[in-house]
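Please look over the chain shown here. The report below covers its fold, its charged contacts, its aromatic rings and its surface.

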Amino acid sequence: MQILKFLGSVVVPAIGKFVIKDTLTETFNNVKIAWTNLGYEHLGKRFFGKVEEPSEETTFQSNRLLIKSFDDLIIPKLGGESGVESRFSQISYLLNQQPNGVAGILTITDDADLNVFYVRDKNGVLCSMSVALNEAGWFVVIYSIKAPEKWYAGVTFISHFPSLP
């Protein structure tokens, strides 16, 4: 059964060394973060101390979820854990391309549609990171996939795995 529909792609250029503590604040690398479910103190405990080495140019693809589903069913469809894993530097780049809701690969509507990435915390735990924009700024919600989230139809998943058949 097909659960995802390919929407489009975008190239993220090579990015140098990225220190999360230096960029993940109320303005994530110059993009206003209005709210996070972890709060900045807890977010810091999970992600500060993580340094990303330089990354190569990468093509990211967006796929729309067609039916309600859990991470454990979605991740294999996007290439498994290594296929879905994004870097904070790459997410930061994409957010900076659409800081106030201009058109781009991230889904932005009046309903604050979710865009889901998968990232690893400083201990290597894979987490879902959903971002949505409203008039206050970007909302960021991060959960470990060990406590799986049920995603509703219409959510957009952003990954670097090749497009779906």
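## Report on the predicted model

E81 is partly exposed, with a relative accessible area of 38%. Here buried means under 20% relative accessible area, exposed means over 50%, and partly exposed lies in between (1.4 Å probe, protein chains only). The model is predicted: local features need pLDDT of at least 70, side-chain atom pairs count only at pLDDT 80 or more, and totals for chains, interfaces and linings use all residues. Residues are numbered from 1 along each chain as its sequence is written, and side-chain values use heavy atoms, with hydrogens and water left out.

E81 sits in helix α4 (residues 80–84). Helices (H or I, at least four residues) and strands (E, at least two) are DSSP runs, numbered from the N terminus. Contact means heavy atoms within 4.5 Å. Setting aside neighbours within four places in sequence, E81 is in contact with I75, R120, L126 and I145. The C-alpha atoms of E81 and V119 are separated by 9.6 Å, and the two residues are 38 apart along the chain.

How many salt bridges does a search of the whole structure find? It finds two. A salt bridge is a side-chain nitrogen of Lys or Arg within 4 Å of a carboxyl oxygen of Asp or Glu. The table lists the pairs.

| Pair | Closest N to O distance |
|---|---|
| E81 and R120 | 3.0 Å |

E81 forms its salt bridge with R120. That pair links distant parts of the chain: E81 belongs to helix α4 and R120 to strand β8, 39 residues apart. E85 counts as partly exposed, at 27% relative accessibility. Salt bridges that share partners join E81, E85 and R120 into one network.

**The whole chain**

The chain has five helices and twelve strands. Of its 165 residues, 47% are buried. Among contacts between residues at least 6 apart in sequence, 75% join residues at least 24 apart. The chain exposes about 8100 Å², and carbon and sulfur atoms supply 52% of it. Accessible areas come from the Shrake-Rupley method with a 1.4 Å probe; for residues, only the protein chains shown count as cover.

**Strand β12**

Strand β12 covers residues 156–159. T156 and I158 point one way, F157 and S159 the other, and all are buried. In a regular strand the side chains alternate between the two faces of the sheet. Two strands pair if DSSP finds at least two bridges between them. β6 and β12 run antiparallel and are joined by four bridges. Q61 has S159 in β12 as its bridge partner. Strand β8 (residues 115–120) pairs with β12 in the parallel sense, over two bridges. V116 stands opposite F157 in β12.

**Helix α5**

Is Q90 buried or exposed? Q90 is buried, with a relative accessible area of 5%. Q90 is placed in helix α5 (residues 88–97). Leaving aside neighbours within four places in sequence, Q90 is in contact with V12, I15, S55, T58 and F60. α5 is mostly covered, with seven of its ten residues buried. These are F88, S89, Q90, I91, S92, L94 and L95.

**Aromatic rings**

A search of the whole structure finds three aromatic pairs. Rings of Phe, Tyr and Trp (its six-membered ring) pair if their centres lie within 6.5 Å; planes under 30 degrees apart count as stacked, over 60 as edge-to-face and the rest as tilted. The rings of F47 and F88 have centres 5.0 Å apart and planes at 65°, so the pair is edge-to-face. F47 lies in helix α2 (residues 39–47) and F88 in helix α5, 41 residues apart. F47 is buried, at 0% relative accessible area. F88 is buried as well, at 0%. W151 and F157 form an edge-to-face pair, 5.9 Å centre to centre with 90° between the planes. W151 is buried, with a relative accessible area of 3%, and F157 is buried at 0%. Y118, W151 and F157 form one aromatic cluster.

**A surface patch**

M1, L66 and I67 form a nonpolar patch on the surface, with about 310 Å² of accessible area together. Patches are made of residues with over 30% relative accessible area and no salt bridge: like charges are joined within 9 Å, nonpolar side chains (Val, Leu, Ile, Met, Phe, Trp, Tyr) within 5 Å. L66 lies in the loop between β6 (58–65) and β7 (69–70). L66 counts as partly exposed, at 38% relative accessibility.
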